[in-house]
Amino acid sequence: MRLLLIEDDDRIAGPLTEGLGRYGFTVDHVRTGAAGLAGTTAAPDLVLLDLGLPDMDGLDVCRSLRARSAVPIIMITARGEEADRIVGLELGADDYLAKPFGVRELIARIRAVTRRSGAPAYTPTEPAEAPEPHQPATGAQTLGPLTLSRRTREVHLDGRPVALTPREFDLLAFLADDPGTVYSRQQIMDSVWDPHFFGPTKTLDAHVAALRRKLGDPGWITTARGVGFRLTVPGDHTAAAAEAAG
Ligand code: CA
């Protein structure tokens, strides 16, 4: 599925493009309304439209896009732009997301909007657009004794439920997207917290510590010093973690 992202702030566009890419989306990113309307990129299946653009009002971009096509449009708005959101919906936008938001939330909206609009739906099982096989977006994932269901947000260890806070679950699910891969602190903050988190990342360490405690073995989450963290099955020194997930 091809997305056109019209967003002038690279601090938001960068992590978003990368995050959506991990889920199998192709993202064309432009930084101005004019570029978004120029049609220089391939015809998108859905448009992500920031309302605060440098060259023109995002609402005008929305109006122009809608005048020429039925492409689903999701507005990205800052706080305090509630009136704009309402006008945007009246102008034909399909939905909006208020900053800050996470990649997962955005993907949920994309799915909902494409379902409603009858556009080619994004389904993880569609062969041409499936995300990498180790990255089940729905359903249960098994990693050694750990089972993780994104649909029900339940985690079981050796068959016993593990009580996680919503954020702890999001962190675990994010790392489990690609077991063994080291994710940088910034990538984690961008995806699990929000795409423009600035400031100390001590909260990340606190959540990692809580997860290690609740999973009963610090080996589940390995620290890559100076970089970030990765999920590994404790005692598993082969690539079996990825195998188990697939
Ligand atoms: Ca902006």
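How many helices and strands are there in the chain? The chain holds 9 helices and 12 strands, where helices (H or I, at least four residues) and strands (E, at least two) are DSSP runs numbered from the N terminus. The structure is a predicted model, in which local features need pLDDT of at least 70 and side-chain atom pairs count only at pLDDT 80 or more, while totals for chains, interfaces and linings use all residues. Residues are numbered from 1 along each chain as its sequence is written, and side-chain values use heavy atoms, with hydrogens and water left out.

The predictor's confidence in each residue, expressed as pLDDT on a scale from 0 to 100, averages 82 over the chain, and 83% of the residues score at least 70. Among the elements of the chain, E1 has the highest mean pLDDT, 96, whereas helix H9 (residues 240-245) has the lowest, 45. Where pLDDT is low, the predicted coordinates should not be read in detail.

Of the 246 residues in the chain, 47% are buried; here buried means under 20% relative accessible area, exposed means over 50%, and partly exposed lies in between, with a 1.4 Å probe and protein chains only. Among the contacts in the chain with a separation of 6 or more, 56% are accounted for by residues 24 or more positions apart. Helix H6 (residues 166-176) has 9 of its 11 residues buried, so this helix is largely enclosed by the rest of the structure. The buried residues of H6 include Glu 168, Phe 169, Asp 170 and Leu 171. Ala 67, by contrast, belongs to helix H3 (residues 58-68) and counts as exposed at 70% relative accessibility. The C-alpha atom of Ala 67 is separated by 9.0 Å from that of Gly 92, which is 25 residues apart from it along the chain.

Strand E4 (residues 73-77) pairs with E5 in the parallel sense over 4 bridges, and Met 75 has Tyr 96 in E5 as its bridge partner.

The model includes a calcium ion, whose protein donors are Asp 8 (OD), Asp 50 (OD) and Gly 52 (O), lying 2.2 to 2.3 Å from it. Donors are N, O and S atoms within 2.8 Å of the metal (3.2 Å for Na, K and Ca), and water is not among the atoms, so sites may look incomplete. Along the chain, the donors of the calcium ion follow the spacing D-x41-D-x1-G. Asp 8 lies in the loop between strand E1 (2-6) and helix H1 (10-22), and Asp 50 in strand E3 (residues 46-50), so the pair ties together parts that are 42 residues apart in sequence. Asp 8 is partly exposed, with a relative accessible area of 32%, whereas Asp 50 counts as buried at 3% relative accessibility.

A further group of strands pairs in the antiparallel sense. Strand E10 (residues 183-184) is joined to E12 by 2 antiparallel bridges, and Tyr 183 has Phe 229 in E12 as its bridge partner. Strand E11 (residues 221-224) runs antiparallel to E12, with 4 bridges joining them, and Thr 223 stands opposite Phe 229. E11 and E12 form a hairpin with 3 residues between them, and Gly 226 in the turn has a positive phi of about 80°. Thr 232 is found in the loop between strand E12 (228-231) and H9. Apart from residues up to four places away in sequence, Thr 232 touches Gly 180, Gly 219, Trp 220 and Thr 222.

Methods:
Contact means heavy atoms within 4.5 Å. Two strands pair if DSSP finds at least two bridges between them.
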